[in-house]
Amino acid sequence: MAGSQIHKVVFFFFFILISHTIVSAKIKLGWSRKAATEAEGVAIIYCSGHGQAYIDGDIVDGKPSCECNTCYAGDDCSIFLSNCTANAESGDPLFLKPYWEKHAADSAVVVAGWHRMSYSTTGKNYITTELERHIRMLHHGVGNAVTDDKFIVFGAGSTQLLYALVHALAASLNSSSPASVVASVPYYAPYRQQTEFFDSKLAEWRGVTSEWVNASKGSTNNFIEFVTSPNNPDGLLKKALLNGSLTINDHAYYWPHFTAISEPVDEDVMLFTTSKLTGHAGSRFGWALIKDEDVYNRTVRYMELNTEGTSRETQLRMLKLYKVILAELGGGKGDIFTFGYKTMRERWIKLNQVVSLSKRFSLQKLPTSQYCNYFNTTRDPSPAYGWLKCEMEEDEDCDAVLRAGGLSGRSGTIYSEDKKHVRVSLIKSQDDFNQLITKLTALVNQTKTTALN
């Protein structure tokens, strides 16, 4: 037998031996068995469908206790508190929890005690190469963003990246005066809050974009404009208004469960977050897509001094979740966007049905239907929030009206809008949404009764 043939035979048997070892390791669990048993043991703790027990929850009688949904109480969350205030305030994306319960096996992660103990990882700037690759694959598969010519920076949610980008863009201007940061009403409050809080010599908050559109106000070359599309809170698709300004495009909600994907966005600076993609707000993971290398390097430097990168455990979990999403892409039964759109569409319909029964309230006007490239068909609105307006003259403070009726939303003043508006969240748990509808229906019926009397 020739030497090369002998080498091939040896390699073949070596490959069979290694493969058998790998397969055997998969079948015979060792150090991970205890962790898996603990996780499943906590997951099956009974909480009446109105709560959840967690491994890191409070220990009662030797085991993690149930953490109850809003307006539920008791050891197993079976007691409904009828006089409780329904919570439609936060943007907790718990509407996707049932999806992940159905994908429990594929999305589970076991983290070894020695996992990624180092500061460094496989890629540059504290980024796991495989996670970056899967993010690019995800954008390509969904068709919502161009990534081919972009650098990627990770952050603890998009929240951490907001001011990192303001800092990087302002520094790139090389101006003797601070950059003017602006946004269009209604806008996401942290744009203003962070700029004012950090109080940098590089940037200052200058208010509402529309006040600077008029060219007579002066040049806008030293401006940084936040553009949120779809917008939070009203779900409208937005574009930059200032010519010559630098723009931070926040696309947290530009996914098929919240809006039609008409085209892949291709701006110089784009922000995304996993909280509104997968629902895992608590994992605190977001990313920025940046075209200019100088802006990218300045952003990376800011993040390096701020945190030295995002948690490696978080990056591992994100990789696992994105693999599940990618495996189901295409609008089928297991597709997260199909599930998410169906849920959000049903909630938007129910909210509209309640509001339409009275002239006391109104909701934002959204396009009745738009073609979505992801679903290859027209789709109806399914926004993350209802931008509710109190129409009656005497209801000057809409937030106060809702709270008097046992419903907490988020006042329009937080978004620099008037008191007649309130944001109500549609993305929380099914319990929260049901309570929102119940309380709002009572307020509508209250108006009807008053009118009859």
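Reader: What joins strand E12 to strand E13, and how do they run?

Author: In this predicted model, 2 bridges join E12 (residues 246-250) to E13 (residues 269-273), and the two strands run parallel. Pairing needs at least two bridges, so these strands qualify as a pair. Within the pairing, Asp 250 stands opposite Leu 271 in E13.

Reader: Which strands are called the edge strands of the sheet, and why?

Author: Start with the order: E8-E14-E13-E12-E11-E9-E10, an open sheet of 7 strands with mixed pairing. E8 and E10 (203-208) are the edge strands, as each pairs on one side only. From one strand to the next, the twist averages 25 degrees.

Reader: What does H6 touch when it packs on the sheet?

Author: Helix H6 touches E8, E9 (179-183), E10, E11 (223-228), E12, E13 and E14. Touching takes heavy atoms within 4.5 Å. The direction of H6 makes about 170 degrees with that of E13.

Reader: Which residues of H9 are called buried?

Author: Val 295, Tyr 296, Thr 299, Val 300, Tyr 302 and Met 303. Each is called buried because its relative accessible area is under 20%. Down the axis of H9, these buried residues fall within an arc of 160 degrees, so they line one face of the helix.

Reader: What covers the buried residues of H9?

Author: The cover includes strand E8 (151-155), helix H6 (157-173), helix H7 (190-198) and strand E14 (286-290).

Reader: What makes Asp 292 a cap for H9?

Author: A side-chain oxygen of Asp 292 lies 3.0 Å from the backbone nitrogen of Asp 294, at the N-terminal end of H9. The limit for a polar contact is 3.5 Å, so the pair passes. Just after H9, Glu 308 takes a positive phi of about 55 degrees.

Reader: Why is Leu 94 called partly exposed?

Author: Its relative accessible area is 34%. Buried is under 20% and exposed is over 50%, so Leu 94 falls in between. Leu 94 is found in the loop between strand E7 (86-87) and helix H3 (97-102).

Reader: Which residues does Leu 94 touch, not counting those up to four places away in sequence?

Author: Ile 427, Lys 428 and Ser 429.

Terms used: Residues numbered from 1 in each chain as written. Predicted model: local features only at pLDDT ≥ 70, side-chain atom pairs only at ≥ 80, totals over all residues. Heavy atoms only, no water. Buried < 20%, exposed > 50% of the residue type's maximum accessible area, 1.4 Å probe, protein only. Helix = DSSP H or I, 4+ residues; strand = E, 2+ residues; numbered from the N terminus. Arc of directions from axis to C-beta. Polar contact = N/O pair within 3.5 Å; in protein donor to acceptor, adjacent residues only side chain to side chain. Axes fitted to C-alpha atoms, helices over the stretch in contact; angles between N-to-C directions.
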